[in-house]
Amino acid sequence: MSTNIVVETRMGKDAGRVYLFNPNLPNHIKKWEETLYEDKEAEVSACGTSISVGPTADMVNGIAVWQLIKQLNFKIQGGVQAENEVIFGIYPNVMLLSRYF
């Protein structure tokens with residue numbers, strides 16, 4: 001397989017998740033699959049449409065781009081490897097990072 005980096009993003013009204021993994025590594029696939037959930041469990045607004053907020057989307061996109069840059073720099077130059085999972089919330093402010101081993 002020629003794809004070796006997948007970046008996936010998810011967001012709610014005041015929280016987001018960014019996943020970065022190698023689809024060729026069974027452990028990465030297993031860990032990522034453990035984060036999946038049914039559509040009926042997803043956050044929706046009172047009118048039934050998906051909630052999206054500009055600033056949250058900006059944060060999700062920015063983190064996703066920085067994770068990709070960090071991973072590409074790691075592959076080229078070494079140094080700091082990107083985390084596989086970044087979860088953040090705005091109310092309250094929190095950020096959790098994890099790597100798949």
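This is a predicted model: local features need pLDDT of at least 70, side-chain atom pairs count only at pLDDT 80 or more; totals for chains, interfaces and linings use all residues.
When I call a residue buried, I mean that its relative accessible area is under 20%, while exposed means over 50% and partly exposed is anything in between, computed with a 1.4 Å probe on protein chains only. Residues are numbered from 1 along each chain as its sequence is written, and side-chain values use heavy atoms, with hydrogens and water left out.

Let me start with the charged side chains. A salt bridge here is a side-chain nitrogen of Lys or Arg within 4 Å of a carboxyl oxygen of Asp or Glu, and by that rule the count comes to four. One of them joins glutamate 34 and lysine 30, with N to O at 2.8 Å, and lysine 30 is partly exposed, at a relative accessible area of 48%.

Another salt bridge brings lysine 70 together with glutamate 83, at 3.0 Å from N to O. Helices (H or I, at least four residues) and strands (E, at least two) are DSSP runs numbered from the N terminus; lysine 70 sits in helix α2, residues 54-77, and glutamate 83 in the loop between α2 and β3 (85-89), so that this pair links distant parts of the chain, 13 residues apart. Lysine 70 is partly exposed, with a relative accessible area of 26%, whereas glutamate 83, at 10%, counts as buried.

What else does glutamate 83 form a salt bridge with? The partner is arginine 99, and the closest N and O atoms are 3.6 Å apart. Because glutamate 83 lies in the loop between α2 and β3 and arginine 99 in the segment after β4 (94-98), the pair ties together parts 16 residues apart in sequence. Arginine 99 is partly exposed at 33% relative accessibility, and Lys70, Glu83 and Arg99 are thus linked in a network of salt bridges.

Turning to the rings, those of Phe, Tyr and Trp (its six-membered ring) pair if their centres lie within 6.5 Å, and planes under 30 degrees apart count as stacked, over 60 as edge-to-face and the rest as tilted. This rule gives one aromatic pair: phenylalanine 21 and tryptophan 32 are stacked, at 5.0 Å centre to centre with 25° between the planes. Phenylalanine 21 belongs to strand β2 (residues 15-21) and tryptophan 32 to helix α1 (residues 26-33), 11 residues apart, and both residues are buried.
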